[in-house]
Amino acid sequence: MKPLCLYTAQFPYGLGEQFIETEIHYLAAAFPEVFIFPANGSGKQRALPANVRVIQLEDAKNYSTRKGLAALGIWIFDCIGDTLTQRDKKLALSSLLRLSHSAEVLYQFLSAQKLLHAVHYTYWFDDWSTRLSVLASNGMISGYVSRAHRFDLYHDRRKEGFIPYRLFQLKYVSKLVLISQDGKKYMEKHFPQYNDKYELSYLGVENNLPFKAEVNTNPQYLVVSCSRMVDIKRVDLMVKSLAQIKHLPIKWVHFGGGELFEEVKKMAEVFLPGNIEWELKGMIANTDVLEYYRNNAVDLFLNLSMSEGLPVSIMEVVSYGIPVLATDVGGTKEIVNSITGKLVPSEINPNDVAHEIASLLNTYSRDKILRERIYQFWNSNFNSQVNYLNFTQLFDSLD
């Protein structure tokens, strides 16, 4: 059986890409060996199964323009159009040469380690996909599989209005695995010529503990959110919305750090009234977040993002029977519905968000039957034991 080469942004380093922490165990069980190639690897390495090895390629360290030029091939004709379309053509050409060099470095490593005929799987439809497309175009590998999520999928949500080398990637990817129906429909609409390559495969989360529909008995409601603190996640809208609630005792806990952490903290200090207790946890390990859900009866989870793929953070909370209030963006509607909570328009004002928070706290949050239904919805649709086992079988269909 062939080994697997898995290409990531940073995993198993850092605290990001938490969802791979679950998937890696299923991949390790399905393949005799797994080689992980993080694009950026530094810091503490997370625990991995015994048959998983981490490879760090130092492609940038020995880069030179001459090496980039020397590694160019006929594949350049598939990419040069996108390069010349970009505003900063000098930077775009430089990036293309670096891509050329890094693809050559990857080829040399795979060849030396006899991994060219391995199964190649990139977790994001991004630079790794372009490098693997270079290798596939030259016949060095037979193809590769890629997932696609949000930033690496929706080209019309980028400032430039397109994702460089998309058609080149689609030409050589064997299967493009979308994590939401919304994403699959998006690709079918914009790139219908490759419809036969698209597959839907939901991510999933684990929750092996027996479910108990316990409710919070504290007079103070517990509201939780979990995301990076960046513009697109609109944590500031949460603060503005909670500030409108004057009649309910609420504790708001947010997990996640980022560039807007201090700004959000100052907003909370200024705007949140005395009935709203709050705590910003910052960036912590995903295992600690899940432990919090296990040990605390959370009344409501908030996600007010402007853009999403299909949020793993929501999969996690519904596995504990926690109701959700979320904006109708990307694939969120595939997990937030009349069973699991309430979906609201993305263009919503703080007063309306506050009204919906209060409504859910007074209905869903402390109803054991409703929370049982939320858990069952997770179990039927986003249980990793089902989804990841099905996903690994997809590789059996590859040449």
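**Exercise 1.** Classify the accessibility of Phe151 and of Trp124.

*Solution.* Phe151 has 39% relative accessibility, so Phe151 counts as partly exposed. The term covers values between buried (under 20% relative accessible area) and exposed (over 50%), with a 1.4 Å probe and protein chains only. Trp124, at 11% relative accessibility, counts as buried.

The model is predicted: local features need pLDDT of at least 70 and side-chain atom pairs pLDDT 80 or more, whereas totals for chains, interfaces and linings use all residues. Residues are numbered from 1 along each chain as its sequence is written, and side-chain values use heavy atoms, without hydrogens and water.

**Exercise 2.** Determine the geometry of the ring pair Tyr7 and Phe37.

*Solution.* The structure holds 24 aromatic pairs. Rings of Phe, Tyr and Trp (its six-membered ring) pair if their centres lie within 6.5 Å; planes under 30 degrees apart count as stacked, over 60 as edge-to-face and the rest as tilted. The centres of Tyr7 and Phe37 are 4.9 Å apart and their planes lie at 25 degrees, so this pair is stacked. Tyr7 belongs to strand E1 (residues 4-8) and Phe37 to strand E2 (residues 34-38), 30 residues apart. Both Tyr7 and Phe37 are buried.

**Exercise 3.** Describe the pair formed by Trp124 and Phe151.

*Solution.* With 5.4 Å centre to centre and 40 degrees between the planes, the pair is tilted. Trp124 and Phe151 also belong to a cluster linked by ring pairs, whose members include Phe19, Tyr121 and Phe391.

**Exercise 4.** State which charged end sits over the ring of Phe391.

*Solution.* A charge sits over a ring if NZ of Lys or CZ of Arg is within 6 Å of the ring centre and within 35 degrees of the ring normal.

Methods:
Helix = DSSP H or I, 4+ residues; strand = E, 2+ residues; numbered from the N terminus.
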